[in-house]
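Reader: Could you take me on a close look at the place where the two chains meet? I'd like one connected walk through it, with a glance at what sits further inside each chain.

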Amino acid sequence: MIAVQGLTKVYGHRTALDAVSFEVPKGEIFGFVGPNGAGKTTTLRILAALLEPTAGRAFVDGADVMRQPDLVHERLGYMPDFFGVYDQLTATEYLDFYAACYRIPRARRTKIAADLLELVGLADRRDQSVDTLSRGLKQRLCLARALVHDPAVLLLDEPASGLDPRARVEMREILKELQRMGKTIVISSHILPELTELCTMIGIIDQGRMRATGPVQEVIRELTSGRRLRIMVMGRRDEALAILKALPSIRTVDMINGAIEAQYEGDDAMAASILQALTAAGISVSGFSQLEGGLEDAFLKATSEDVG
Amino acid sequence: MNRVAVALWNPIVAKEYRSRMRTWRSPVAMTVYILLLGGLGWAIFSAMSAAARNVFNGSPANYGQALFLSLVIFQMVLLAFITPALTAGAISSERERQTIDLLFVTKLPSFSILWGKLLASMSFVFLLLLLSVPIFSLVFLFGGIELDQVLAAFLVTAVAALTLGVIGIACSTAFRRTLPATVAAYGASFILLAGSLLYGLLFPTSIDPNATAAPAPPAVSYISPLLPLVTIGTSLPVTWYGIGPGFGSGGGGGMMCSGTPGGGQSCVPLNASGKGVASPIYRNPPQPTGTTIPSGLFAGWQYWQATITLQLLISLAALVLSAILIPPTRRPPWARRTRAAAGGS
C-alpha cells in the first residue's frame with residue numbers, strides 16, 4: 001500500500017533523509033519512531049506530496065507521489081503535527097468545507113460530516129466554533145478532516161502529541177476503530193508503549209536513516225539481544241540452572257524474583273527443546289513463558305548505534 | 001458543474017465569505033468607507049454651496065464635475081489602502097496558521113486556492129464600490145457628468161483595485177510572512193498609483209516642433225489609474241502633465257505646452273532651469289482632442305483604455321507568478337502523468 005524506495009532529502013548541506021526505504025502492506029498500522037529531527041515529518045510530507053525528495057521514489061496505493069500528486073491526495077488522508085483551524089466556522093462547517101475541497105457532492109457532505117463527528121466523538125460539538133475547541137478536540141477534528149474523502153491510507157504525524165492521557169487513550173481507540181475499518185495507517189510518535197500496543201509494524205529512523213523496519217515483535221527481537229524465557233520450577237532449582245547453563249543455545253541465566261530468566265538464541269522450536277531438556281531431567285516445570293523485549297529497548301539500541 | 005465553473009467558484013470563496021462576513025470588522029469597514037466617502041462628498045458639497053451663495057463663479061455643472069473628480073480620486077486612494085490589506089495576507093496567513101498544507105492535500109488545484117482567495121477578497125472590494133454608488137449619484141444633482149463617465153471611472157477603479165489585489169496575492173505567495181507581504185503590496189500599490197505618475201514628471205515626453213501629432217505623456221504613466229480618472233472627470237486633453245523637459249532631459253530647453261481657453265495650445269520655450277524665457281508662442285501644432293491619447297504607443301486610445309489594458313497585463317503577470325510560486329512542489333506540468341494514464345503501479 002505504501003512503498004518508499006531510497007528516499008533522500010537534502011537541505012543545503014544537511015541530509016534530512018538518507019536513502020530511506022520501507023514498505024507498509026494494506027491494513028497495517030505502521031509506527032514511525034525516531035528522535036526529534038530524525039526525518040519522520042520529512043518522510044510523511046514527501047508521502048503526502050507536499051515536499052519533493054532529492055532522490056528516491058515513494059508510492060501511495062500505487063500512485064507515485066512525484067508524478068501523480070493528485071492521485072496521492074485522493075488516496076490518503078494527512079494529519080500534520082502542527083496545524084491551525086479557521087475562525088468563524090463550526091465543526092460541521094469545517095468538515096463540510098474540506099469535503100467540498102475533495103469535490104464531494106453537497107448532498108453527501110452533511111451525512112459525511114455527521115458520521116465523522118460521531119466517529120471521533122464530537123457529535124455534541126457539531127455547532128461549536130472550531131477555534132474554541134481544546135487541543136485534544138482539535139486533534140480529533142483534524143483526524144475527522146483527514147477522513148472526509150474516505151482514504152485508504154492515513155498519514156498521522158504525532159497525532160497524540162500535546163494530548164492529556166485521557167485524550168491519548170481516546171485517540172488510540174479511534175485509531176483502532178479505523179484499523180478495523182481496513183485503513184492502512186502510518187503514525188509517527190514518541191509515545192512508544194502506545195505504538196507497541198497499537199502498531200502491527202514499525203520503522204525506527206534516526207539521523208535520516210532507517211535503522212530497522214518490519215513487524216513490531218520481529219524488530220524488537222532483532223534489536224534486543226536474543227529472546228528471554230521465564231521458567232518456574234518446583235524445587236531442584238540449582239539443578240535446573242545447571243541444566244540450562246549447559247545448553248548451547250542459552251546465553252545467560254539469572255534468578256529474578258524466584259523465577260529463572262534465561263536468554264537464548266533461536267526460535268520457538270528452540271524454546272520447546274529447552275523445556276524438553278528440563279522435563280527429560282525430571283525437573284517439574286510449573287511455568288514456562290517467553291518474555292518479549294520492549295520497544296523502548298529496541299528504540300534505544302537502534303538509535304544509539306554509531307552512524308558511521 | 002463544468003470545469004470552468006468549478007475553477008471559478010470553489011469552496012474557498014464560500015468559506016472566505018462566511019468567515020469574513022461573520023466578523024465585526026467587515027460591517028465596520030463598510031461603514032467607515034461610506035462615512036469617509038460620504039463625508040468628503042458632503043464637505044465638498046457644503047463648500048460649493050457656500051461659495052455659490054457668495055459669488056457666482058461657475059455653473060452647477062462645474063460643481064458636479066469637481067465633486068465627481070474629488071470622489072473618484074478619493075475612492076481610488078481609499079481602495080489603494082484597503083485592497084492590499086485584504087489580499088496581502090491571503091496566502092501567507094494560511095502558511096502562518098499552518099492551514100495551507102491541509103488545502104494542498106485536497107483535490108483543489110493550487111490555482112483554485114489562489115483564485116478563491118482573490119475572488120473572495122475582490123468581492124469585498126467590489127461590494128465597497130457598489131456601496132459608493134448612491135454617493136456618486138449625488139453628482140447627477142448638479143449635472144456636468146454623464147453616465148458613461150461614471151461607468152468608465154468605476155471600470156478604471158475596479159480594474160485598478162483588481163490589479164492591486166492580484167499584486168497583493170502575488171506578494172502573499174512570494175513572502176512566507178504576512179508583514180513583509182503587506183509592506184511589499186503597499187510598496188507596489190504606491191508605485192502603481194504614484195510612482196508611474198512620478199515617472200511622467202521626471203521623464204516627460206519632449207515636444208518635437210516638427211511632430212505630426214500632439215505630444216502625450218510617456219506610456220509608463222498610463223499605468224496609474226489617477227491619470228484616466230482625471231481625464232474622465234474633466235473631459236479635457238492632458239496638456240498639464242508628462243510633456244516638456246524633465247530631470248532626464250539633459251541640458252534643458254524644449255517647450256512646455258498647456259491648453260488655452262480657446263482649445264489651442266500654448267507652448268513656452270524653456271531654458272535649462274525649466275523656466276519660460278519668452279512670452280507664449282501660439283503655434284498651431286496638431287491638437288489633442290478630448291481624452292484621446294494623441295501620440296505614442298497607445299495613439300488613438302482613450303487614457304482609460306490604455307490604463308485598463310496595462311493593468312490587466314500586470315494582473316496577468318502577477319497571477320502567473322503567483323501560480324508558479326504557490327504549489328508546494330514545483331513539478332512542471334509536463335513531468336506529471338495525466339490522471340487517465342495513472343492506473344496505479
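**Where chain B meets chain A**

Author: Let's start with one pair: Asp101(B) and Arg45(A) form a salt bridge through their side chains, with N to O at 2.3 Å. Keep in mind that this is a predicted model.

Which elements of chain B give two or more residues to the side that touches chain A? They are helix H2 (11-21) and helix H6 (100-104). Of the elements, H2(B) gives the most to that side, with five residues. Sort that side of chain B by class and you get twelve nonpolar, ten polar and twelve charged residues.

Now zoom out to the whole interface. On the chain B side, 34 residues are in contact with 36 residues of chain A. The area buried between chain B and chain A comes to about 3,400 Å², and carbon and sulfur atoms give 56% of that. If you want names to click on, go for Leu102(B), Val105(B) and Lys107(B): they supply 20% of the area that chain B buries against chain A, more than any other three residues.

Next, a look inside each chain, beginning with chain B. Gln75(B) sits in helix H4, which covers residues 60-87 of that chain. Is Gln75(B) buried or exposed? Its relative accessibility is 1%, so Gln75(B) counts as buried. The side chain of Gln75(B) makes a polar contact of 2.8 Å with the side chain of Ser132(B). Setting aside neighbours within four places in sequence, Gln75(B) is in contact with residues including Tyr33(B), Leu37(B), Leu129(B) and Phe136(B). Phe154(B) and Thr157(B) are also among them.

Ala58(A) is buried because its relative accessible area is 1%, and the cut-off for buried is under 20%. Leaving out neighbours within four places in sequence, Ala58(A) is in contact with Ala3(A), Val4(A), Leu7(A), Leu47(A), Ala63(A), Asp64(A) and Val65(A). For one more landmark, pick Phe22(A): Phe22(A) and Ala58(A) are 36 residues apart along the chain, and their C-alpha atoms are separated by 9.5 Å.

Notes
Residues are numbered from 1 along each chain as its sequence is written. Chains are lettered from A and ligands numbered from 1 in the order in which they are written. This is a predicted model: local features need pLDDT of at least 70, side-chain atom pairs count only at pLDDT 80 or more; totals for chains, interfaces and linings use all residues. Side-chain values use heavy atoms; hydrogens and water are left out. Contact means heavy atoms within 4.5 Å. Buried area is the accessible area (1.4 Å probe) that two parts lose on being put together, summed over both. A salt bridge is a side-chain nitrogen of Lys or Arg within 4 Å of a carboxyl oxygen of Asp or Glu. Helices (H or I, at least four residues) and strands (E, at least two) are DSSP runs, numbered from the N terminus. Ala, Val, Leu, Ile, Met, Phe, Trp, Tyr, Cys and Pro count as nonpolar, Asp, Glu, Lys and Arg as charged, and the others, Gly among them, as polar. Buried means under 20% relative accessible area, exposed over 50%, partly exposed in between (1.4 Å probe, protein chains only). A polar contact is a pair of N or O atoms within 3.5 Å; within protein, one must be able to donate a hydrogen and the other to accept it, and residues adjacent in sequence count only if both atoms are side-chain atoms.
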